[in-house]
Amino acid sequence: IFTNVEEDEVALQDARDRGGIDDLTPRMEKADKMKYVRTVIENPKKIVSKIIVTVKVHVAIDREAKQQSIAAGDKCEDINTAHKAYPLITKKILKCIMQQCIHILNGCVHDEYNMNVITGQSFYRGTAALLDTYISRRGSSCVEALHSVVDRKVYASSIMRKKLFDARLHWHIT
């Protein structure tokens, strides 16, 4: 979903090259990217297509598990969530995922380069390379204000929150 801004990655690599820094641990590289490289969410259609492909794969896995259970003599009728043929992508989960896809396609997850605020400049790891430092506004109160109002007004009277939680939980488990 997130795309690194290429010019920031080039500037970071240039600073590493000029400073002769090439033995960073993965943790140090991640910290550098968090501080010096902006991330954006650019293409809603690409995100939705990835989600749909993932859902199709899991639906196929669900069908295969059910077919294997039937072939083993299990009727697969009135099964509970602990049963090996119970689908990961239920009708409720699929409906929730499709609502999220609509949400993404409407631009609610898309953001621009200005989502990242320049907080200043710092010398990269003791070298003479001066890089901009960034902090993301994503998740800040200015971004979340609209969603909190919508949450209180719309979702309070529906079971969307429960379905969304279930979908997130299923995705996290897999």
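## Cores and salt bridges in a predicted model

The largest nonpolar core of this predicted model is built from 10 residues: I41, I47, V48, V55, L88, I89, I93, I97, C101 and I104. A nonpolar core here is a set of buried Ala, Val, Leu, Ile, Met, Phe, Trp, Tyr and Cys residues joined through side-chain atoms within 4.5 Å. Buried means under 20% relative accessible area, exposed means over 50%, and partly exposed lies in between (1.4 Å probe, protein chains only). Two or more residues of this core come from each of the elements α3 (44–71) and α4 (91–105). Helices (H or I, at least four residues) and strands (E, at least two) are DSSP runs, numbered from the N terminus. It is α4 that supplies the largest share of the core, with four residues. A second, separate core has nine residues, among them A15, L24, V37 and A129.

Residues are numbered from 1 along each chain as its sequence is written, and side-chain values use heavy atoms, with hydrogens and water left out. Because the model is predicted, local features need pLDDT of at least 70 and side-chain atom pairs count only at pLDDT 80 or more, while totals for chains, interfaces and linings use all residues.

How confident is the predictor in the protein chain, going by its average pLDDT? The average is 83, and 76% of the residues score at least 70. The pLDDT scale gives the predictor's confidence in each residue, from 0 to 100.

Now to the charged side chains. The whole structure holds six salt bridges, each being a side-chain nitrogen of Lys or Arg within 4 Å of a carboxyl oxygen of Asp or Glu. Here are three of them.

| Salt bridge | N to O distance |
|---|---|
| E9 and K33 | 3.9 Å |
| D14 and R18 | 3.1 Å |
| R16 and D32 | 3.2 Å |

The E9 and K33 salt bridge runs between helix α1 and helix α2 (residues 26–36), so it ties together parts that are 24 residues apart in sequence. Both partners are partly exposed: E9 has a relative accessible area of 31%, and K33 one of 38%.

Elsewhere, salt bridges that share partners join E7, D8 and R38 into one network.

D14 and R18 sit within helix α1, four residues apart, which puts about one helical turn between them. D14 is partly exposed at 36%, whereas R18 is exposed at 55%.

Finally, take a look at D132 in strand β4 (residues 130–136). D132 is partly exposed, with a relative accessible area of 27%. Which residues does D132 touch, leaving aside its neighbours within four places in sequence? They are K35, Y36, I118, G120 and Q121, where contact means heavy atoms within 4.5 Å. With Q121, the D132 side chain makes a polar contact of 2.9 Å, side chain to side chain. Such a contact is a pair of N or O atoms within 3.5 Å; within protein, one must be able to donate a hydrogen and the other to accept it, and residues adjacent in sequence count only if both atoms are side-chain atoms. D132 and D8 are 124 residues apart in sequence, yet their C-alpha atoms are 8.7 Å apart in space.
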